[in-house]
Amino acid sequence: MSYIKLDNVSLVYPVYGASSRSLKRSLISVATGGRISNHGNTLEVRALSNISFELLTGDRLGLVGHNGSGKSTLLRVLAGIYRPQIGRLIVRGKITSILDVALGMDPEATGYENIYLRGLLTGLSDSEIRAMVPDIEEFTELGNFLRMPVKTYSSGMTLRLAFGLSTAVTPEILLIDEVIGTGDAAFMEKAHSRIQQFIDRSSILVLTSHNRQVIEQFCNKAICLEHGRIKWSGNVSELNEHCK
Amino acid sequence: MSFDNPEQQPHSSPSNLYPTLTGEIIGAIRRYRLWSYLAWSDIRQRYRGSVLGPLWITLSTAIFVAALSVINAELFKAPPEKYIPSLTIGFVIWYFISGTLSESTAGLFSGKGLISQISLPFYVHIFRVVARNLLILAHNAIVVFIVLVWFKMYPNFKLLLLLPGTILVAIILLSAGMILAMIGARYRDMQQVVASILQVLFFVSPITWEAKQISSSTWVLHLNPVFYVIDALRSPILGTPVHQNTWPILLLIAVSTGALSLWLFNKKREKIPYWVQ
């Protein structure tokens with residue numbers, strides 16, 4: 001039984017300017033009581049404010065909003081990367097986050113080595129990684145190219161491998177950031193059925209996309225974010241009337 | 001079991017999102033397949049396309065030791081069978097310590113791609129740096145082995161003291177590594193600071209010279225932590241007695257850097273994803 005609950009979650013995101021990156025300058029400002037350097041160089045962005053929602057098994061949540069509305073930040077909170085300063089977060093279930101399909105890919109390593117590396121990053125055992133290989137071989141159709149370094153691949157081949165790697169596991173709680181909608185038409189058709197199966201295997205999905213069609217197709221619930229706040233949340237069929 | 005109603009257990013396992021301090025360290029140790037693979041691929045990448053591959057490490061250390069031995073045999077009139085083994089072991093240990101410390105400053109920062117995408121124990125990145133330098137040490141150990149065989153110096157029972165020394169040095173390097181990696185992620189000029197400190201440390205450490213040559217100003221020696229690290233690892237191999245202060249001081253350094261790094265890590269670990277951006 002997978003479960004996610006956010007209770008009044010707020011997150012402040014520090015952004016460090018160039019001069020606050022210097023140890024020398026920071027030491028001088030400590031030694032002089034901060035009078036020399038301007039403190040304004042570290043900005044604090046309130047990325048999420050009072051976010052509350054609850055997801056149960058079978059929920060497919062689409063996060064919608066403009067750039068900078070907090071979609072990706074919220075996904076990173078759910079993935080356990082950013083820790084909110086205020087509020088409570090409960091996650092039950094193993095998280096699979098796909099924030100970048102090319103996670104950890106090493107262009108110097110071969111396709112097979114990249115399969116192994118991704119398996120290690122995901123925390124799989126050697127036998128689980130081996131079990132993943134035939135599926136990736138079949139989907140990517142890369143054949144002997146899998147024995148070659150990834151840097152020799154065309155961008156389309158690299159994308160196929162990255163996509164194949166990302167969708168080879170069986171997810172429990174699945175977090176996806178803007179991965180659908182890249183690649184050529186023929187690949188998209190093939191990728192589409194694969195991602196549909198991949199999502200079907202998961203118990204909870206949280207997906208961000210700018211593409212409303214994508215949200216409507218994969219999700220049953222939606223949250224509309226604006227400046228880090230929930231502007232509207234509800235059934236995906238009512239999304240368009242409440243969220244422009 | 002009434003697990004169907006999640007409201008009944010609101011405190012259940014938020015820990016899978018934010019591990020405890022020990023959870024971080026144990027989690028990182030359990031990921032040994034990941035960081036040893038990453039360490040090995042770092043080394044392979046560094047020497048990709050070269051004929052000798054990682055054996056370049058061995059060769060360049062051999063050349064350095066040979067050249068310095070020739071010069072210093074003239075300069076200090078030191079007997080080669082005493083000087084060369086001491087220099088070789090000292091240099092190889094120094095290469096390991098300085099490599100680990102200087103690469104630690106970029107330890108978290110260079111893991112940026114992973115840190116901002118998935119939740120991994122942060123210590124994985126420190127273990128990766130130490131493991132990478134251990135692999136380099138293993139290549140350099142070939143030179144030590146050849147020198148010891150050449151001078152027919154076969155280690156005696158004192159070699160057993162290498163074990164506590166290694167454990168203490170490992171604790172010191174992992175702790176100092178995490179401290180440097182965190183400061184290096186926050187402040188980008190840390191790499192230069194560490195590089196210049198290490199350069200000075202090399203010259204004030206008894207690697208290319210011997211401790212007894214500067215008996216007049218021994219405070220330079222006794223305030224230098226590198227002296228004790230090298231002494232703890234070198235003397236057991238040479239079969240000579242360890243300096244009387246080495247064990248207590250090494251223990252003190254291990255405990256204090258360990259405590260400082262755990263304190264700093266615990267206080268600031270949630271900032272790391274923002275620092276590496």
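Guide: What follows is a conversation about this model, with each term set against its definition.

Guide: This is a predicted model, in which local features need pLDDT of at least 70 and side-chain atom pairs count only at pLDDT 80 or more, while totals for chains, interfaces and linings use all residues. Residues are numbered from 1 along each chain as its sequence is written, chains are lettered from A and ligands numbered from 1 in the order in which they are written, and side-chain values use heavy atoms, with hydrogens and water left out.

Visitor: Why is A:Asp177 called buried?

Guide: Buried means under 20% relative accessible area, exposed over 50%, and partly exposed in between, taken with a 1.4 Å probe on protein chains only. The relative accessibility of A:Asp177 is 11%, and therefore A:Asp177 counts as buried. Its place is in strand β6, residues 173-177 of chain A, where helices (H or I, at least four residues) and strands (E, at least two) are DSSP runs numbered from the N terminus.

Visitor: What is the nearest side chain of opposite charge to A:Asp177, and why is there no salt bridge?

Guide: A salt bridge is a side-chain nitrogen of Lys or Arg within 4 Å of a carboxyl oxygen of Asp or Glu.

Visitor: Which side chains make polar contacts with A:Asp177, and what makes them count?

Guide: A polar contact is a pair of N or O atoms within 3.5 Å; within protein, one must be able to donate a hydrogen and the other to accept it, and residues adjacent in sequence count only if both atoms are side-chain atoms. The side chain of A:Asp177 has such a contact of 2.5 Å with that of A:Thr208, and another of 3.1 Å with that of A:Ser72.

Visitor: How many salt bridges cross between chain B and chain A?

Guide: The rule finds three across this interface. In one of them, B:Arg44 pairs with A:Glu113, with the closest N and O atoms 3.0 Å apart. B:Arg33 and A:Asp126 meet at 2.5 Å, N to O; this pair runs from helix α2 of chain B to helix α4 (residues 126-140) of chain A. B:Glu270 and A:Arg83 have their closest N and O atoms 3.8 Å apart, so this pair falls within the 4 Å of the rule.

Visitor: Why is B:Glu270 called partly exposed?

Guide: The relative accessible area of B:Glu270 is 32%, so B:Glu270 is partly exposed. A:Arg83, at 21%, is partly exposed as well.

Visitor: What makes the pair B:Asp42 and B:Arg128 a link between parts of chain B?

Guide: Their side chains meet in a salt bridge of 2.9 Å, N to O. B:Asp42 lies in helix α2 and B:Arg128 in helix α6 (residues 123-150) of chain B, so the pair ties together parts that are 86 residues apart in sequence. Both residues are buried.

Visitor: How much area do chain B and chain A bury between them?

Guide: They bury about 4,100 Å², 51% of it on carbon and sulfur atoms; buried area is the accessible area (1.4 Å probe) that two parts lose on being put together, summed over both. The contact, meaning heavy atoms within 4.5 Å, takes 45 residues from chain B and 51 residues from chain A.
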